[in-house]
Amino acid sequence: MTTQDRTPQGGTTDNTSIVAAAFAALTETGDVDAVARVLDEDFVHHRPAGTSRTKAEWLAAVRGSLEHIDGMEVTVLHLLAEGDHVMLHSRRRLPSGPEITVVDIMRFETGRIAEAWELIEPTAEAGAHLTWWA
């Protein structure tokens, strides 16, 4: 995987630095342990219809996905922080697949990520979702 990164903007530098370093290690080398080290023991992953809610479940899902995302290109568009929250907005593309847009929101507690939310949308479908109420 390759990552193109932008400088963290706004908010708490320590928390954005923690997210940037862990995300870079994961996407560039597949180092899941870099992410595991920054998660709180009581970490909760929130995702609609998600099956990986606890720290152990989520890390297992990430490890299981690595073989399927080899060669993924990641472009970090925004890395923002406010208070105890950090938001990472990125575009990701597999060599043989469509581009997706991902927003990860993380809440920090005592220097570790305590909760995370993840929204994923195929980039090509974004326009159709602008009129979801129609």
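I looked up T101 and found it in strand β5; helices (H or I, at least four residues) and strands (E, at least two) are DSSP runs, numbered from the N terminus. The model is a predicted one: local features need pLDDT of at least 70, side-chain atom pairs count only at pLDDT 80 or more, and totals for chains, interfaces and linings use all residues. Residues are numbered from 1 along each chain as its sequence is written, and side-chain values use heavy atoms, with hydrogens and water left out.

I noted T101 as buried, at 13% relative accessibility. Buried means under 20% relative accessible area, exposed over 50%, and partly exposed in between (1.4 Å probe, protein chains only). The side chain of T101 makes a polar contact of 3.0 Å with that of R91. A polar contact is a pair of N or O atoms within 3.5 Å; within protein, one must be able to donate a hydrogen and the other to accept it, and residues adjacent in sequence count only if both atoms are side-chain atoms. Setting aside neighbours within four places in sequence, I list H89, S90, R91, L119, I120, E121 and T123 as contacts of T101, where contact means heavy atoms within 4.5 Å.

**Strand pairing**

I then followed strand β5 (residues 99-109) to β6, with which it pairs in the antiparallel sense over 10 bridges; two strands pair if DSSP finds at least two bridges between them. V103 has L119 in β6 as its bridge partner. The two strands form a hairpin with two residues between them, and T110 in the turn has a positive phi of about 50°. Strand β6 (residues 112-122) also runs parallel to strand β2 (residues 39-46), joined by four bridges. In that direction I found H45 opposite A116 in β6.

**Salt bridges**

I searched the whole structure and got nine salt bridges, each a side-chain nitrogen of Lys or Arg within 4 Å of a carboxyl oxygen of Asp or Glu. R47 and E118 meet in one of them, at 2.7 Å, N to O. R47 lies in the loop between β2 and α3 (55-65) and E118 in strand β6, so the pair ties together parts that are 71 residues apart in sequence. R47 is partly exposed at 36% relative accessible area, whereas E118 is buried at 13%.

D104 and R92 form another, at 3.0 Å, N to O. D104 belongs to strand β5 and R92 to strand β4 (residues 85-93), so this pair links parts 12 residues apart in sequence. Both D104 and R92 are buried.

**Core**

I took the largest nonpolar core next: it has 25 residues, and those with the most contacts inside it are V19, L39, W58, V86, M106 and I113. Such a core is a set of buried Ala, Val, Leu, Ile, Met, Phe, Trp, Tyr and Cys residues joined through side-chain atoms within 4.5 Å. Among the elements giving it two or more residues are α1 (13-29), α2 (32-36) and β3 (73-82). Not counting residues up to four places away in sequence, M106 touches V19, D84, H85, V86, L88, I113, E115 and A116.

**Confidence**

I checked pLDDT last, the predictor's confidence in each residue from 0 to 100. The protein chain averages 87, and 89% of the residues score at least 70. Over residues 1-11 the pLDDT is below 50, and this stretch has 31 contacts in the model beyond near neighbours in sequence.
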